[in-house]
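Please open the structure in a viewer and keep the selection tool at hand. The stops below say what to select next and what is there.

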Amino acid sequence: MTSAITSQVSRLAEAGEGELAGASAAAEQLADSCLTDAPLGRVGLEVEAHCYDLADPGRRPGWDELTAILNALPALPGGAVVSVEPGGAVELSGPPLPGAVAAIEAMALDQAVLRSAFTAAGLGLVLLGADPLRPARRINPGARYQGMEQFFTASSPAVAGAAMMPSTASIQVNLDAGPRAGWAARVWLAHALGPTMVAIAANSPLLGGAFSGWQSTRQWVWSQLDAARCGPILGGSGADPGIDWARYALKAPVMLVHSPDAVAMTQYVPFADWADGRTLLGGRRPTEADLDYHLTTLFPPVRPRRWLEIRYLDSVPDALWPAVVFTLVTLLDDPDAADFAAEAVEPVAAAWDVAARLGLGDRRIHTAATRCVALAAERAPAPLQDTMGRLVHLVERGRCPSDDFADRVIEAGIAAAVAEMAQGEQ
């Protein structure tokens with residue numbers, strides 16, 4: 001599940017190069033292929049961590065420095081693939097495994113190996129939703145990221161456009177789409193859980209050296225970007241996820257055009273306009289390969305990629321992320337828990353900005369979060385009892401991981417708080 005986008009991009013040159021028949025044909029293709037009818041059960045995790053110099057947290061390690069460490073890594077025991085994000089954050093992308101516990105255990109094993117390698121090189125990995133200390137700067141030289149940087153800088157508010165790629169980090173949870181008959185309810189619930197889970201996992205109160213006024217600055221950054229590319233995909237009724245996805249994808253503006261190198265778009269052109277020939281980009285109409293690539297440039301909080309990518313969680317410390325993951329998976333994959341969760345979160349299902357700004361400080365979100373984590377804790381197996389207990393205690397007190405980090409910053413200063421976390425004190 002987790003490596004499909006990378007594989008899809010790498011196959012761009014090999015994909016069929018025939019012109020699309022038009023937006024209607026593309027819509028039909030997207031609606032039919034966005035989810036796969038399959039049993040529930042598999043879980044894939046992707047965990048991003050900011051990388052800091054242990055001796056100088058204000059320094060951003062360079063591309064060659066990071067890739068040298070990754071090139072020397074052994075095969076990871078849990079099967080994860082390691083990559084470097086645009087600003088130097090390090091991502092572990094785990095394989096799909098049977099259930100949350102297996103995915104969590106495999107990811108923890110791989111994290112331990114990765115941390116050891118980085119510590120030996122004088123670097124530390126910090127699980128925060130946004131870089132609290134350093135100015136935004138891209139270090140990954142990939143052509144895709146160069147083009148994306150140009151696009152977001154030109155099309156988004158200055159702070160958000162600059163910060164999204166190099167300064168934010170998340171935990172992504174990938175789940176099977178499940179049986180076709182349940183898709184509409186499942187996709188609705190994945191979205192409806194968003195604000196409550198954003199608040200539970202909020203862990204980014206600072207950005208670039210200052211408090212932002214938001215518990216999840218990462219979520220605020222994403223909310224400031226183009227809603228046609230980064231907003232929720234649900235349509236008015238949410239009754240057909242395939243139709244909603246097709247509408248979303250075709251309305252979203254084209255980000256990059258390969259002619260043959262990736263060129264960032266400076267004009268707003270919905271993909272549908274390109275597909276129907278109303279606008280020619282690169283002097284041509286799009287191909288199947290262009291449509292495939294366009295899908296990799298869309299970043300909604302829940303993205304259908306035959307399975308469901310859930311992309312709205314801040315990166316949170318080791319003591320808590322297994323509990324956050326287990327809670328989300330339980331609320332979506334356990335039928336009884338899903339029914340309970342749907343009722344609990346319905347009153348705050350659209351409160352994305354409130355959740356990002358106030359976290360569990362909002363009474364209604366706090367009520368929903370308390371009910372959801374208590375339900376997950378009842379179902380937690382023995383290996384996860386400690387981490388679930390910590391999360392339940394935190395949520396009951398109305399606190400997010402963001403509150404704990406903010407307290408450390410106020411007590412010791414930003415650089416010292418980051419240095420402590422980089423040393424492994426998370």
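Select α14 (residues 321-333) and α18 (385-396): these two helices are roughly perpendicular to each other, a label that covers angles of 65 to 115 degrees, while under 35 degrees counts as roughly parallel, over 145 as roughly antiparallel and the rest as oblique. Their axes come within 8 Å and cross at roughly 85°. Axes here are lines fitted to C-alpha atoms, for helices over the stretch in contact, and the angles run from 0 to 180 degrees between N-to-C directions. Helices (H or I, at least four residues) and strands (E, at least two) are DSSP runs, numbered from the N terminus.

This is a predicted model, in which local features need pLDDT of at least 70 and side-chain atom pairs count only at pLDDT 80 or more, while totals for chains, interfaces and linings use all residues. Residues are numbered from 1 along each chain as its sequence is written, and side-chain values use heavy atoms, with hydrogens and water left out.

Stay with the two helices and show side chains. P322, A323, V324, F326 and T327 in α14 meet T387, M388 and L391 in α18; contact means heavy atoms within 4.5 Å. The residues of this contact divide into 6 nonpolar, 2 polar and no charged. In this division Ala, Val, Leu, Ile, Met, Phe, Trp, Tyr, Cys and Pro count as nonpolar, Asp, Glu, Lys and Arg as charged, and the others, Gly among them, as polar.

Next, select A380, in the loop between α17 (363-379) and α18. Is A380 buried or exposed? A380 is buried, with a relative accessible area of 8%; buried means under 20%, exposed over 50%, and partly exposed in between (1.4 Å probe, protein chains only). Leaving aside residues up to four places away in sequence, A380 touches F326, Q385 and M388.

Move to strand β1 (42-53). Of its 12 residues, 11 are buried, so β1 is largely enclosed by the rest of the structure. Which strands pair with β1? Two strands pair if DSSP finds at least two bridges between them. Select these partners in turn:

- β4 (residues 97-98) pairs with β1 in the antiparallel sense over 2 bridges, and L97 is the bridge partner of V43.
- β6 (residues 170-175) is antiparallel to β1 over 5 bridges, with L175 opposite V43.
- β3 (residues 90-93) is antiparallel to β1 over 4 bridges, and S93 is the bridge partner of E46.
- β5 (residues 123-126) runs antiparallel to β1, joined by 4 bridges, with L125 opposite C51.

Now select helix α6 (residues 158-167), where 7 of the 10 residues are buried, so the helix is largely enclosed by the rest of the structure. Its buried residues pack against β1, α5 (143-155), β7 (206-207) and α9. Among these buried residues are A160, M164 and P166.

Then go to Q215, in the loop between β8 (210-211) and α9 (217-224). Q215 counts as buried at 14% relative accessibility. A polar contact of 2.9 Å joins the side chains of Q215 and S402; such a contact is a pair of N or O atoms within 3.5 Å, and within protein one must be able to donate a hydrogen and the other to accept it, with residues adjacent in sequence counting only if both atoms are side-chain atoms.

Finally, select R306, in the loop between β11 (302-304) and β12 (308-314). R306 is not a glycine, yet has a positive phi of about 80°. R306 is partly exposed, with a relative accessible area of 45%.
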